[in-house]
Structure formats: structure tokens, C-alpha cells
Amino acid sequence: MATISNGQVLAGPINPMVTPLLTDLYQFTMAYAYWKAGKHNERAVFDLYFRKNPFGGEYTVFAGLEECIKFIANFKLADDEIDFVRQSLSSSCEEGFYKYLSGVDCSEVEVYAIQEGSVVFPKVPLVRVEGPIAVVQLLETPFLNLINYASLVATNAARHRFVAGESKMLLEFGLRRAQGPDGGIGASRYCYMGGFHATSNVAAGKIFGIPLRGTHSHAFVSSFMSPDEIIDKLLHSSDKRSTCEDFVSLVQTWLSKIQWSNSLNGTFGETNHSELAAFTSYALAFPDNFLALVDTYDVMRSGIPNFCAVALALNDLGYKAAGIRLDSGDLAYLSSEARKIFRIIEKEFGVPGFGKTVITASNDLNEETLDALNKQGHEVDAFGIGTHVVTCYAQAALGCVFKLVEINNQPRIKLSEDVTKVSIPCKKQSYRLFGKEGYPLVDIMTGENEPPPKVGERILCRHPFNESKRAYVVPQRVEELMKCFWHGPGGVREDLPPLKDIRERCISQLGKMRPDHMRRLNPTPYKVSVSAKLYDFIHFLWLNEAPVGELQ
């Protein structure tokens, strides 16, 4: 553990596999080459950023920072790890390098970053890492690993949240389809950060304090053959003042009332008795949280009337049923029909609130199906989403990169024939400029020593590489994006907020974005710019570093 000066103690990353060896071999080969050349202690600055927003959208949610800070707070190579590095490198490597590795830590490293849960955009550094070049090089792969997937999942969750609508509850059900245990735990954490309300993942609930949701599967329903299997039929009322000696009979009585209801006009006939037995048994086990999966046999002919019978019997004893779940079929039609039945029952039998019984839908949902349900019209209150959100089925990776931008106070640039891969050199500051309506207008990067943009003062914002794209902005508010999250073990830094606070930041920032940047189809690109001074410097360095060809 590493104790920080402000009193906060940081344990290591959640996953114990995140160690200094969780890296690519070439990080160690470069570290040795730096050491061999006597460059290993040269002060370097690296930017971690991405080049393109995922899922065809125009925004990304930044996640994974906390795990990075916990990693460097506890960064230390154990003797057995150094021995393995020795075995993995060439036998020509000198022993002094391994002695050097035994003393490596992050006491001389500084990390500046945008706050986790923030809405971010391409090219703007998410994280800036400063320190001895050999040490910072060893941080590259683990930082990318911890941020790439986390940010992708959080963004995916936010997109599903936006399409579903603010009034709907989103439940993450993806553990069984996730890429292994780490993928499952990480997905639950970052889906919650991105705006989901709960998870089915019990381990994630324990580790992160995420609310848990879950009831039963089709297997539970089909495991029953008849009501005769229910031995203990007794159920106390919710206030414990009375007792129903035969809850099974009470359910049967309510089923008969529903079947003979004048308002329902004989809608319901014979239902599946084994399903009714399963629902009754589950209600006896969880009378205060009865939610039934109603599509094991037939939703409208059996599932809905059986649920209503059990729910009304529970109501007699002072309990309120939690709702139903639909896991197959035409979700728009079935949810609408179920809602009609619930409203009729509320009116006929005088059960306040029954018409608002919660309807949850699952069944391989994604952005497209949520959008289609909205267009068709539906009565679903909550969506259980699994495979498509946790695996990021629509896009496999975010594509963050880690580029050297300065060494020994000398700016460096990475050139490419593909202009999107040209890096923005030097140590920079980043700001978000807001307009009159309160929406963010543009993110601007400046050189470290440039004065910050000021409210009410016009500033020229330039596209980093396209000379014709430029605009003046008079910001009504200016937000500095980069904050210090690590300044060695004794330095002053930002506290790492709890997950709930990060989630609130994410939801708040998403709510303040201009709607055309957020829309699912053909969103308006958000502008990312550099100051006029930084623009000139980028192109000066570009020309200075690019070799001049010769025609013959």
C-alpha cells in the first residue's frame, strides 16, 4: 500500500494481475536500451489520447483513471518478477540493469488527467505522464489496458442510456457473456459509471457498492410441475398482524376472479398450472420483491394472468409486487398489452398503483432495438441489457495511444502520411470553452506557458492540421481540464472520488452537451482546436522534422 500526503491510502488495482509485468516485452527492451545509453533518467512527457470517437458517435466517456493511479502508487518489481525479466531478455543484458529495476518506483512520476467520468474528445490528452523516460515507458501498456476497455464500456453504457431515455431504468445483465471474470467485473463497474442503475453481478455489487437486481430464470419456472409441490403455504402479512394459512388457495381464488372478470370479457382462459405454482412459490419466498418472468409458456394467455393472480393475493396481505420481465417476443406489443391489463385490473378491483406495475424487458437488447422500440411505442419501464453492452459488440476497441511529446524540455512530434496519426507536440494545457447557452463549444489545447483563455475575451481556435478551419470564440465560461492526480508519494494531488460521484459527473456532463452532438445518427462533430501559437509551433516542428525529398 502507498500512503499519500493528504491521508488517503491507496490499495493496488482491483485485479491482482495488474502488476509491472502486465506489459509488452518491448517496454522492457526499451527500458534496457535507455539504461544502456544513459538516457533512463531523462525527463519525458507522454500524452495518452484517442484519435476517433467509438460507435460512430461524437463523444466518449473517460474511465479507468482510478485503477491507473492505484497501479503507480504501488508500482514495484518483486525479485521473482525481475528474475523473469532477466530470463526473457537477451543474455547480453548487463546485470546492472536488473539492479536498477529493483529500485524503480513512481516517486518521480507526475500524472495529470481529465477527471474520470468526463465527456472527452479525440486528440485532447486524457492523461499526461511525466517522469524518467524508462519508468514512464514501463507504464504505457498497463495504462492503455486500464483505460481503453473502461472508456469503451462507459461510453457504450452512456449511449444505451441516451437512447433508452432518462425515465427508464437500465440493468446490466452481461456477466455470463463477458470476456472472462475481469471483463465481467470491469463491465459492471463502468456500465454503472456510464449511467446504468444496477447490475446482476454479485461480486461487482460487493466490490463497488453497485445496486443489485435479479429474480429468477425460465429454469425456475419450468422446474415446477403443479401447485401440489408447494408444502409450506403459510404467509404472514407485511405488517405481521395477520397470517394467510393457505396462500396457494388465495392465489387460485384471485385467478378465478380474473378469468371471470367482466372488464376483461373472458380474455383469460386456462393458464399453465406449473407456471402458477412457480410464481406462487417464488412469492412465498420473496413476498416483498416478487417479480415474475412471464414468457416461459405464453405471455398473454398464461404469464400475465398468473402473475396478476399472485400479485393480487400479495396485495391482500399488504405487499406490492415488483413487476414482470419479458425476455422474448414482440416487446413493444406485449408490454403495451400487459399495461392495458394492469390498468383494467386496477380499476375493476380497486388496487391503487397496479396500472403502473413495472415492466422489465430483456432479450439481447442493443441501441438499435431500443431505438426501434421507441419508434414503435412501448410500455417498458426497465431494460435488462447484457451481451451488447459488456462486450461492446458494435466496436471491439477504443484505440487509445501513448505518445512522447517532450523530452528534456524539447518538444517531439510523431509524423505520418496519415495526418490523423500526427501527434501534437510539447507539454500542453487543455480547456473547455462554453457558450451563452451553457453548452460546451470547443476544447482548446495551448502550450504550457501560454496564458489561459479568459471569460469574455475573444480567442482564435484553430484546427490542428487544417489551416482553413478556424474560428473566434468569446467564452462565457472556461474550464481547465487537466488536474494533478499523482505527484509522487508526498505530493499534493486530487482525491480519487467514489464511484457514485464519478457516475453523477458523467450523467451531469452528458446532460449538458448540445443535443446534436449526442444524437445517434449523423451527430455533429464536436470541435477540438489548438491556440494560434500552438498551431504555428506544430507546423514549424513538422517542417523541421520532415525530411526534404530530392527530385532527379
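On one side of α17, Lys-533, Phe-540, Leu-543 and Asn-544 are exposed (over 50% relative accessible area; buried means under 20%, and partly exposed is in between, with a 1.4 Å probe and protein chains only). In contrast, Leu-534, Tyr-535, Ile-538, His-539 and Leu-541 of α17 are buried.

What do the buried residues of α17 pack against? Their partners are β17 (410–411), β18 (428–434), β19 (440–447), β20 (459–462) and β24 (527–531), where contact means heavy atoms within 4.5 Å.

## Helices α1 and α5

The axes of α1 (residues 25–36) and α5 (residues 133–164) come within 9 Å and cross at roughly 175°. That makes α1 roughly antiparallel to α5 (angles over 145 degrees; under 35 is roughly parallel, 65 to 115 roughly perpendicular, the rest oblique). Among the residues of α1 in this contact are Tyr-26 and Phe-28, while those of α5 include Ile-133 and Leu-138.

## A loop residue

Look for Asn-449 in the loop between β19 and β20. Asn-449 is exposed, with a relative accessible area of 73%.

## About the model

This is a predicted model, in which local features need pLDDT of at least 70 and side-chain atom pairs count only at pLDDT 80 or more, while totals for chains, interfaces and linings use all residues. Residues are numbered from 1 along each chain as its sequence is written, and side-chain values use heavy atoms, leaving out hydrogens and water.

Terms used: Helices (H or I, at least four residues) and strands (E, at least two) are DSSP runs, numbered from the N terminus. Axes are lines fitted to C-alpha atoms, for helices over the stretch in contact, and angles run from 0 to 180 degrees between N-to-C directions.
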